[in-house]
Amino acid sequence: MRFMMIIKHTEKQGHPPKELMDAIAKAAQQETKSGTMLGSGGLGSTALGARVRLSGGKVTVTDGPFTEAKEVIGGYAQFELKSKEEAVESAVQFMELHKKYWPGWEGETEVRQMLELGECGPKA
């Protein structure tokens with residue numbers, strides 16, 4: 001099963017410590033080598049982004065930063081794992097790295113199973 005890990009936090013936490021980034025890089029290298037991590041990445045601040053919204057039949061574009069955002073998606077990782085439990089354990093290990101190398105950081109990792117194209121439509 002494929003899972004997406006979505007990392008969320010407040011935007012004003014600053015840049016992560018080098019020790020944390022080194023630990024994440026090491027873990028990602030091991031996960032990639034074992035074939036469980038399919039991809040990952042960090043995301044820039046909302047000031048570098050834009051939102052494209054469809055509402056009321058109209059498409060609008062809003063450039064960042066997004067002052068109303070209480071939390072932002074700071075990064076993601078995609079895994080091929082055997083179960084939701086295994087995915088949750090991976091997320092716990094990731095958060096333990098933050099706890100160890102970035103005391104005081106607060107955020108969350110949302111674990112979501114990814115659907116295949118055929119799973120998105122109505123059941124016949």
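What follows is a dialogue on how terms are applied to this predicted model.

Trainee: What are the ground rules for this model?

Mentor: The model is predicted, so local features need pLDDT of at least 70 and side-chain atom pairs count only at pLDDT 80 or more, whereas totals for chains, interfaces and linings use all residues. Residues are numbered from 1 along each chain as its sequence is written, and side-chain values use heavy atoms, with hydrogens and water left out.

Trainee: What makes up the pattern of the protein chain?

Mentor: Helices (H or I, at least four residues) and strands (E, at least two) are DSSP runs numbered from the N terminus. The protein chain has two helices and six strands, in the order β-α-β-β-β-β-α-β.

Trainee: Why is Thr46 called buried?

Mentor: Buried means under 20% relative accessible area, exposed over 50%, and partly exposed in between, with a 1.4 Å probe and protein chains only. Thr46 has 11%, so Thr46 is buried. Thr46 sits in the loop between strand S2 (37-42) and strand S3 (50-55). Of the 124 residues in the protein chain, 25% are buried.

Trainee: Why is Glu31 called partly exposed?

Mentor: Glu31 has a relative accessibility of 25%, so Glu31 counts as partly exposed. Glu31 belongs to helix H1 (residues 18-34).

Trainee: Which residues does Glu31 touch, beyond those up to four places away in sequence?

Mentor: Contact means heavy atoms within 4.5 Å. On that basis, Glu31 touches Thr36, Met37 and Phe79. As for Glu80, 49 residues from Glu31 along the chain, the C-alpha atoms of the two are separated by 10.0 Å.

Trainee: Which residues are in contact with Thr46, leaving aside neighbours within four places in sequence?

Mentor: They are Glu11, Gly64, Pro65, Phe66 and Val72. With Phe66, the side chain of Thr46 reaches the backbone nitrogen at 3.4 Å. A polar contact is a pair of N or O atoms within 3.5 Å; within protein, one must be able to donate a hydrogen and the other to accept it, and residues adjacent in sequence count only if both atoms are side-chain atoms. The 3.4 Å between Thr46 and Phe66 is therefore inside the 3.5 Å limit.

Trainee: What is the omega of the peptide bond from Gly64 to Pro65?

Mentor: Omega is near 5°, and the bond is cis. Most peptide bonds are trans. Pro65 is placed in the loop between strand S4 (58-63) and strand S5 (72-80).
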